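Let's take a friendly tour of a protein model. Keep the structure open as you read, and find each residue as it comes up.

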Amino acid sequence: MWEVEFATLSAVAARQGGLITEAQVARMEIDKQALLRFAECALLYELDWSVYQFAWASLGPRYVYPLAAWLATMPESFRWERSQSPHEDAVLSHESACRLYGLGVVPSPLVTFTAPQEFEGPRATKIHGASLRPDDVAVVEGVPVTTPRRTIVDVAAGWAEHGELRRVLMDAVLKDLVDLRQIHADLAPLARRHEFPEDGAEFVAYFIPDISPAGLSPRNQRSYAALAHPDRVAQLQPGVARLIPEAGDETLSWDIAAEIIGRIG
């Protein structure tokens, strides 16, 4: 009998990253004692929030705990029953998204989500009510999470300390998870209220002072130069347009000039 129960639970867990909730087990009319028996045999173990991980599952702690918390926000619903548009469901966000991406060290005792409407989540979770666009959300190792770009904006808008925001930004730029020019454009409207520089050159000097452009991706070399040295890029742009007729388009010749300045420092 136990083999059938184990196989049934395993089949469901396989569609949920190796996890299953106690509420889902009850919905399948399998007694909780079966879970306890399997746990005693080390076939599965409880993570938190009455969510269990099977021993054969491959997800490590960095991803499995956020996924467990996400399942616990709607514990009776199977993963495939939830919205197929991730931005319409609970999405890992803010400091918790930073931890998942490995950005900075932003302290938070809670697992934080953003959902279309605020609701009471399980223990040690926080649900923000806010609208997300489809391009604000990614799925990483099965975990719906705000993109690095949206995550940084949320952390900044949430009054993170400047030192914490600086480390998050530096990590995101070094890992090429964001485009520096886009992030500057996103954060500039917050600059005055949150008391950090709005000007491009001052923004770069304030938030990523120790980064060498040579260590950046090509797109962020361009962005760095465009923000930190716009006059130099502007001076070089006409020469680029003359030397490379194919770069006659103003945007393309500007990008090429910015990459040159970024490469030479």
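## Around Ala-115

This model is predicted. Setting aside residues within four places in sequence, Ala-115 makes contact with Asp-89, Ala-90, Ile-127, His-128, Gly-129 and Ala-130. Ala-115 itself sits in strand β5, which covers residues 111–115.

Is Ala-115 buried or exposed? With a relative accessible area of 3%, Ala-115 counts as buried, because the cut-off for buried is under 20%. Now look from Ala-115 across to Leu-165: they are 50 residues apart along the chain, and their C-alpha atoms are separated by 23 Å.

## Ser-77 in its loop

Next, find Ser-77 in the loop that runs between α4 (61–73) and β4 (91–92). Its relative accessible area is 18%, so Ser-77 is buried too, given that buried means under 20%.

Which residues does Ser-77 touch, apart from neighbours within four places in sequence? Its contacts are Gln-16, Gln-24, Arg-27 and Arg-82.

## The nonpolar cores

The largest nonpolar core contains 51 residues. Among those with the most contacts inside this core are Leu-19, Phe-113 and Phe-203. Helix α4 gives the most to this core, contributing seven residues.

Beyond its neighbours within four places in sequence, Leu-19 is in contact with several residues, including Ala-13, Leu-47, Val-51, Val-64, Leu-67 and Leu-71. There is also a second, separate core of 14 residues, and Leu-9, Val-25, Leu-35 and Phe-38 are included in it.

Key:
Residues numbered from 1 in each chain as written. Predicted model: local features only at pLDDT ≥ 70, side-chain atom pairs only at ≥ 80, totals over all residues. Heavy atoms only, no water. Helix = DSSP H or I, 4+ residues; strand = E, 2+ residues; numbered from the N terminus. Buried < 20%, exposed > 50% of the residue type's maximum accessible area, 1.4 Å probe, protein only. Contact = heavy atoms within 4.5 Å. Core = buried A, V, L, I, M, F, W, Y, C linked by side-chain atoms within 4.5 Å.
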